[in-house]
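Take a look at the fold shown below. We will walk through it step by step.

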Amino acid sequence: QQNKEMINRGLFILFEGVDRVGKSTQVQNLVKFLNDKQLSTKAMRFPDRTTPIGTIINAYLQNSTNMDDRALHLLFSSNRWEAKDSIYQALNSGVNLVVDRYSYSGVAYTAAKGIDFDWCYACEKGLPEPDVIIYLSMNSEDATKRGDFGGERYEKLEFQKKIKDIYESKLMTPKWKVVDANRDIETISKEISDIVNKELDIIKNKQISTI
Ligand code: T5A
Ligand code: NA
């Protein structure tokens, strides 16, 4: 017990943004940066396609199944709830988590289909809240020109613009760190590691809040 209180909890760092802005690339670089500093850090991603729920989501994303929009939304949300305990476990044991998409992706992508925003948000309430949210920003035309764009169901320009609008007009708060993603990978990584370095000291002993 006493020993446990001496461990600083891990930081919950989230990357958000539309398709192809470079989230997975930056997650990898930040995990490496933190581990190189001897700060134990793990990557996590949503959807987690490895669970039974994730398998259903994956089939949908690869255009091989159809599903009601709300049913799908609840699966994406469940896929986060089923990870809740392991998120707390990691943070409470001092492991930093660098997470690729989370609740805000869930809300933005479903609301962009025309489903009520508050309904979309409600399922996320009570999940552990990220300490730092890094939003990778670039215009949709440029994002769609990046590698492999167009392979999955949501990768259509008009839909990407709607998602971007919901992120930026309804989800973003002053706390979000907006990073220009239309630069070379190393420049972006440097800006992000500077942001995270600052937050490491500020957030150290703050309680984990919920959405
Ligand atoms: N979704 C997700 C929901 O609808 N609801 C939910 O609740 C959740 C969690 C799958 C889909 O599911 C939706 C959102 C998605 O449509 P995913 O598995 O995260 O989500 O999607 P991915 O296809 O894996 O990833 P993204 O398309 O979002 O791409 P990333 O991770 O933003 O970009 P990344 O790093 O893979 O890079 C893309 C390409 O660009 C290059 C890379 O080498 C790569 O080729 N690149 C750069 N090129 C030039 N300059 C840079 N700075 C670059 N950075 C990367
Ligand atoms: Na990705």
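Ala, Val, Leu, Ile, Met, Phe, Trp, Tyr, Cys and Pro count as nonpolar here, Asp, Glu, Lys and Arg as charged, and the others, Gly among them, as polar. With these classes, the shell around ligand 1 has nine nonpolar, seven polar and nine charged residues. Keep in mind that this is a predicted model.

Stay with the ligand for a moment. In total, 25 residues surround ligand 1. The closest are G22, T25, G106, Y109 and G147. At least two of its residues come from each of α2 (23–36), α6 (103–111) and α10 (185–203).

Now step back to the whole chain. It has 10 helices and five strands. Its C-alpha atoms fill a box of roughly 50 × 35 × 30 Å, taken along the principal axes. A compact globule of 211 residues would have a radius of gyration near 17 Å, and the chain agrees because its own value is 17 Å. Buried residues make up 35% of the 211 residues. Next, consider contacts between residues at least 6 apart in sequence. Of these, 80% join residues at least 24 apart.

The sheet comes next. Strands of a sheet pair through backbone hydrogen bonds, either parallel or antiparallel. Which pairing does this sheet have? The five strands form an open sheet with parallel pairing, in the order β2-β3-β1-β4-β5. At the edges sit β2 (41–45) and β5, and each of them pairs on one side only. Neighbouring strands are turned by 20 degrees against each other on average, direction ignored.

Follow the pairings across the sheet. Five bridges join β2 to β3 (residues 96–100), and the two strands run parallel. In one of these pairings, T41 has N96 in β3 as its bridge partner. The helix α2 packs on the sheet. There, α2 touches β1 (12–16), β2, β3 and β4 (132–137). The direction of α2 makes about 170 degrees with that of β3. Further along, β1 and β4 are parallel and joined by four bridges. Here F15 has I134 in β4 as its bridge partner. On its other pairing, β4 meets β5 in the parallel sense, again over four bridges.

How many of its six residues are buried? The count is six of six, and β4 is mostly covered. In a regular strand the side chains alternate between the two faces of the sheet. Look at the two faces of β4 in turn. V132, I134 and L136 lie on one side, I133, Y135 and S137 lie on the other, and all are buried. Both faces of β4 are therefore covered, as a residue is buried if 20 or more other C-beta atoms lie within 10 Å of its own.

Two of these residues lead on to a tryptophan. W176 touches I133 and Y135, not counting residues up to four places away in sequence. W176 lies in the loop between α9 (157–171) and β5 (177–180). Is W176 buried or partly exposed? It counts as partly exposed, because it has 19 C-beta neighbours inside 10 Å. D131 is 45 residues away from W176 along the chain, yet their C-alpha atoms are separated by 9.7 Å.

Finally, check some backbone details in the loops. R20 lies in the loop between β1 and α2. It has a positive phi of about 75 degrees although it is not a glycine. R20 has 22 other C-beta atoms within 10 Å, so it is buried. R101 is found in the loop between β3 and α6. Its phi is positive too, at about 70 degrees, and R101 is not a glycine. R101 is buried because 22 other C-beta atoms lie within 10 Å.

One peptide bond remains to be pointed out. Where is P47? This proline is in the loop between β2 and α3 (52–61). A cis peptide bond joins F46 and P47, with omega at about 0 degrees.

Methods. Residues numbered from 1 in each chain as written. Chains lettered and ligands numbered in written order. Near = placed C-beta within 6 Å. Buried ≥ 20, exposed ≤ 12 C-beta atoms within 10 Å, placed from the backbone. Contact = placed C-beta atoms within 7 Å. Pairing = 2+ DSSP bridges. Axes fitted to C-alpha atoms, helices over the stretch in contact; angles between N-to-C directions. Rg over C-alpha atoms; globule rule 2.2 N^0.38 Å.
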